[in-house]
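Please keep the structure open while you read.

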Amino acid sequence: MGLKEEFEECAEKVKTLPKAPSNDDMLILYGHYKQATVGPVNTSRPGMLDLRGKAKWDAWKAIEGKSKEEAMGDYITKVKQLMEAAGMSA
C-alpha cells in the first residue's frame, strides 16, 4: 500500500475511535492533515474571537516546513498511536 492510500485509510480509521482524541491530539491531526492535503497555510489567521479557528490555524502553521509526504507519515503514526491506546489494531 502506498503512502497516500495508507494516509486515506488512517483518515477513515480515526473516525472509528471509541473515544474522541484529546484537543491536543485533534490539533496535531488537523495540522498534519491540512499540510498533507493542502500544503502550507494559505489563509490569514482567524480573528481573536475565533479561538477554535485560531488554534487550528496555529497547529497547521506550526508544521509549515514539512513536505506533504512527511505530514502524511506523521499523521499515520499519530493515528496508529491513538488506535493502539484505544486497544484497536492499526
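At roughly what angle do the axes of helix 2 and helix 3 cross? They cross at roughly 60 degrees, and the axes come within 8 Å. This is a predicted model. Helix 3 covers residues 51–61, and helix 2 covers residues 23–37.

**Helix 2 with helix 3**

An angle of 65 to 115 degrees would count as roughly perpendicular, and one under 35 as roughly parallel. Helix 2 and helix 3 are therefore oblique to each other. Their crossing is right-handed. Helix 2 brings Leu 27, Tyr 30, Gly 31, Lys 34 and Gln 35 to the contact, and helix 3 brings Ala 55, Lys 56, Ala 59 and Trp 60. Sorted by class, five residues of this contact are nonpolar, two are polar and two are charged.

Which residues of helix 3 are buried? They are Gly 53, Lys 54, Trp 57, Ala 59 and Trp 60. The buried residues of helix 3 pack against helix 2.

**Helix 2 with helix 4**

Helix 4 spans residues 68–85. Its axis and that of helix 2 come within 8 Å and cross at roughly 150 degrees. Angles over 145 degrees count as roughly antiparallel, so helix 2 and helix 4 are roughly antiparallel to each other. The crossing of this pair is left-handed. From helix 2, the contact takes in Asp 25, Ile 28, Leu 29, His 32, Tyr 33, Gln 35, Ala 36 and Thr 37. These meet Lys 68, Ala 71, Met 72, Asp 74, Tyr 75, Lys 78, Val 79 and Leu 82 in helix 4. The contact of helix 2 with helix 4 has nine nonpolar, three polar and four charged residues.

**Helix 1 with helix 4**

Helix 1 runs over residues 3–13. Helix 1 packs on helix 4 at an angle of about 40 degrees, and the two axes are 9 Å apart. Helix 1 and helix 4 are therefore oblique to each other. Helix 1 passes helix 4 in a left-handed crossing. On the helix 1 side, the contact is made by Leu 3, Lys 4, Glu 6, Phe 7, Cys 10, Ala 11 and Lys 13. On the helix 4 side are Glu 69, Met 72, Gly 73, Tyr 75, Ile 76, Val 79, Lys 80 and Met 83. By class, this contact of helix 1 with helix 4 has nine nonpolar, one polar and five charged residues.

| Helix pair | Angle | Axes |
|---|---|---|
| Helix 2 and helix 3 | roughly 60 degrees | within 8 Å |
| Helix 2 and helix 4 | roughly 150 degrees | within 8 Å |
| Helix 1 and helix 4 | about 40 degrees | 9 Å apart |

**Two residues to look at**

Start with Gln 35, which is found in helix 2. Is Gln 35 buried or exposed? Its relative accessible area is 2%. Buried means under 20%, so Gln 35 is buried. The Gln 35 side chain reaches the backbone oxygen of Glu 64 at 3.1 Å. Leaving out residues up to four places away in sequence, Gln 35 touches Pro 40, Trp 60, Ile 63, Glu 64, Lys 66, Lys 68 and Ala 71. Gln 35 is part of the helix 2 contact with helix 3 and of the helix 2 contact with helix 4.

Now take Gly 73, which lies in helix 4. Gly 73 has 22% relative accessibility and counts as partly exposed. How far apart in space are Gly 73 and Gly 53? They are 24 Å apart, C-alpha to C-alpha, and 20 residues apart in sequence.

How values were computed:
Residues numbered from 1 in each chain as written. Predicted model: local features only at pLDDT ≥ 70, side-chain atom pairs only at ≥ 80, totals over all residues. Heavy atoms only, no water. Helix = DSSP H or I, 4+ residues; strand = E, 2+ residues; numbered from the N terminus. Buried < 20%, exposed > 50% of the residue type's maximum accessible area, 1.4 Å probe, protein only. Polar contact = N/O pair within 3.5 Å; in protein donor to acceptor, adjacent residues only side chain to side chain. Contact = heavy atoms within 4.5 Å. Axes fitted to C-alpha atoms, helices over the stretch in contact; angles between N-to-C directions. Left-handed = near helix turned anticlockwise from the far one by under 90°. Nonpolar A, V, L, I, M, F, W, Y, C, P; charged D, E, K, R; others polar.
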